Amino acid sequence: MHTTTSLTFGLRAAAVTALLIALGVWFSTGAHTGWTQTSAVTMQRDDITGIDYPVRRNVFVAGIEVPLLGTAAATAFAGLSLLTQRRRAAAV
């Protein structure tokens, strides 16, 4: 009985952790509502000629799929924790 309670608590803690990590990564990288990007293009101006040119830099910007996948994982963990509660109630 104690094992089921700790399993339920562990699954709920995993659900909250997965959701907070996914949202934290998404917000810390800019809360981009498109797909995840691994590079960004910025325009720079040549000092001598005055011509603008694109410069690509490697940067990670999490897209909307990161919080969506985190929410899906959190929902799965929470659903499993409810399933363990039902098994415990049925066994009593």
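Student: Among the elements of the chain, which has the lowest mean pLDDT and which the highest?
Tutor: This is a predicted model, where local features need pLDDT of at least 70, side-chain atom pairs count only at pLDDT 80 or more, and totals for chains, interfaces and linings use all residues. Residues are numbered from 1 along each chain as its sequence is written, and side-chain values use heavy atoms, without hydrogens and water. pLDDT is the predictor's confidence in each residue, from 0 to 100. The lowest mean, 85, belongs to helix α2 (residues 65–91), and the highest, 94, to strand β2 (residues 52–61).

Student: In what order do the elements of the chain run from the N terminus?
Tutor: Helices (H or I, at least four residues) and strands (E, at least two) are DSSP runs, numbered from the N terminus. The chain has two of each. The order is α-β-β-α.

Student: Is isoleucine 21 buried or exposed?
Tutor: Isoleucine 21 sits in helix α1 (residues 2–28). Buried means under 20% relative accessible area, exposed over 50%, partly exposed in between (1.4 Å probe, protein chains only). At 52%, isoleucine 21 is exposed.

Student: What percentage of the 92 residues in the chain is buried?
Tutor: The test is the under 20% cut-off on relative accessible area. Buried residues make up 17%.

Student: What share of the contacts with a separation of 6 or more comes from residues 24 or more positions apart?
Tutor: Contact means heavy atoms within 4.5 Å. Residues 24 or more positions apart supply 64%.
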